[in-house]
Amino acid sequence: MKITVKITDFGAVSCEKLQTGAIQNAIDYVFSKGGGEVVVPEGEFMTGGIRLRSNITLRLLSGAVLKGSQCPEDYYSCYTEDKLEPLAPERITDAPYVHLGSIKGETEYKEWDDNYRFRRLPGSRWNNALIRAIDAENVAIIGEEGSFIDGNNCFDEIGEEYYRGPHAITFFNCKSIKLSGYCVRESANWAHNMLFCENISMEMVKVYGGHDGFDAFSSKNITIKNCEFYTGDDCVAGFGNVNVLVSDCILNSSCSAMRFGGTNVLVRNCKMYGPGEYFFRGRMTPEEKRACAPSPRPGRNMLSAFTYYADFSMPIDEKPGNIVIKDCVFENVDRFLHYNFSGNETWQRYRPMENIIFENINAYGVKMALNAYGRSDSLLELTLRSVTVAMSEDSGAEELIRAAHCKRIVLDDVKIHGFKGGCLVRALTEGEYIFKNVDCALEEKDFVKKTKDNFNIKTI
């Protein structure tokens with residue numbers, strides 16, 4: 001029979017002193033008994049890094065707060081001193097985050113590239129977190145309404161960008177993960193960091209301030225439903241993921257609603273809007289960052305509903321594509337899509353995607369053109385179907401879509417209001433362009449304009 005214990009049974013006290021040891025002892029005791037629940041009662045419990053294990057549910061009751069230490073060195077003991085499931089020495093690095101000026105390589109992922117060991121090793125400063133699990137199965141974090149995981153804006157002068165501290169939650173090489181009901185606030189880096197995981201279910205989770213809301217890399221079978229993200233950085237991010245559903249969510253950001261790459265990705269019935277409730281913390285002063293100041297409010301306009309993401313820090317085993325964004329509302333989003341494989345985007349230099357579809361979208365306050373810049377050896381297919389776009393009054397967009405290396409672009413049942421540009425598609429390379437039932441102020445002869453005269457375009 002699974003057992004249930006409270007962290008207070010092991011000496012945890014609601015106070016300003018670290019309770020890491022008591023909380024970890026409760027988790028380890030339940031693990032030694034074959035699994036069960038570890039309960040965090042009402043109160044504010046200060047902690048460094050704790051490690052969840054297989055077959056354990058961490059349950060936060062209403063009014064429970066796990067509050068992270070503001071000392072980045074307090075997040076190591078959960079794996080460097082772990083006697084139950086010690087990590088092999090080769091899976092641990094004490095190297096600080098490597099600040100890269102550009103991505104190494106051009107065409108393929110390189111396992112040996114030491115520049116990225118901090119991400120690929122579970123025991124690393126960059127992967128540190130308030131709550132983490134490594135090589136675990138059947139792990140859950142369940143919160144009642146009014147429960148919080150508080151990153152406390154832990155400042156780390158040798159962390160990412162010389163100020164980001166630990167994530168709120170990191171899961172590395174885990175299976176069957178359930179996340180539900182709690183709130184994350186002021187995470188010192190990402191609220192959720194999922195690496196090489198399978199079967200992730202996240203429902204009714206809210207994220208406030210901090211950095212990214214949810215990141216997944218080289219993971220499979222991800223479901224995010226009925227969640228709310230109010231982030232200064234991207235709401236949902238990551239790449240190399242397969243079989244992803246994001247449904248019935250609110251995504252509010254001062255960066256991108258999604259900065260994502262994957263295969264078989266469906267985003268449906270979501271509201272993506274700006275301006276952000278919170279400002280991007282990277283724009284804070286060094287003094288504010290060092291002081292662990294709260295995330296500034298309000299933020300800026302949302303940059304993109306969907307920005308593609310693919311760099312060399314993780315493997316991307318399957319060809320990205322079959323990405324569908326449907327039944328969504330965009331408000332005050334600068335652009336629908338930012339896809340740029342021209343070579344000057346640091347985070348878009350690995351595997352391009354094959355196709356993306358926007359279907360049944362109502363967008364208001366759009367300012368900029370969609371970027372659809374593919375790669376010459378991997379042409380993109382872009383479809384806008386049953387889409388209504390209302391441009392912002394101050395939009396200076398000269399085209400709706402700036403296209404290069406696209407195999408096909410389809411506009412099917414598209415209505416565009418307030419567009420003052422000279423063409424719908426500015427074509428930089430040859431391709432096929434299909435227009436069906438397009439309602440805008442332009443004449444059909446102005447739907448596509450070539451940048452040069454030395455290539456062919458086909459319009460239907």
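Predicted model: local features only at pLDDT ≥ 70, side-chain atom pairs only at ≥ 80, totals over all residues.
Asp233 sits in the loop between strand S18 (228-231) and strand S19 (236-247), and Arg164 in the loop between strand S9 (148-150) and strand S10 (167-172), so the pair ties together parts that are 69 residues apart in sequence. Asp233 is buried at a relative accessible area of 8%, and Arg164 is buried as well at 5%; buried means under 20% relative accessible area, exposed over 50%, and partly exposed in between, with a 1.4 Å probe and protein chains only.

Residues are numbered from 1 along each chain as its sequence is written, and side-chain values use heavy atoms, with hydrogens and water left out.

Now to the protein as a whole, whose secondary structure comes to four helices and 34 strands, these being DSSP runs numbered from the N terminus, helices (H or I) of at least four residues and strands (E) of at least two. The radius of gyration, taken over C-alpha atoms, is compared with a globule rule of 2.2 Å times the number of residues to the power 0.38; the protein's value of 23 Å is close to the 23 Å that the rule gives for 460 residues, so the protein is as compact as a globular protein of that length. Of the 460 residues, 60% are buried.

How many salt bridges does a search of the whole structure find? The search finds 27, and another of these pairs is Glu73 with Arg125, whose closest N and O atoms are 2.7 Å apart. This pair also links distant parts of the chain, with Glu73 in the loop between strand S6 (64-68) and helix H2 (77-80), and Arg125, 52 residues apart from it, in the loop between helix H3 (117-120) and strand S7 (129-134). Here Glu73 is partly exposed at 44%, whereas Arg125 is buried at 12%.

Finally, Lys415 forms a salt bridge with Asp413, the closest N and O atoms being 3.3 Å apart, and Lys415 is partly exposed at 31%, as is Asp413 at 24%. Elsewhere, salt bridges that share partners join Asp28, Arg51, Arg53, Asp82 and Glu85 into one network.

Terms used
Salt bridge = Lys/Arg side-chain N within 4 Å of Asp/Glu carboxyl O.
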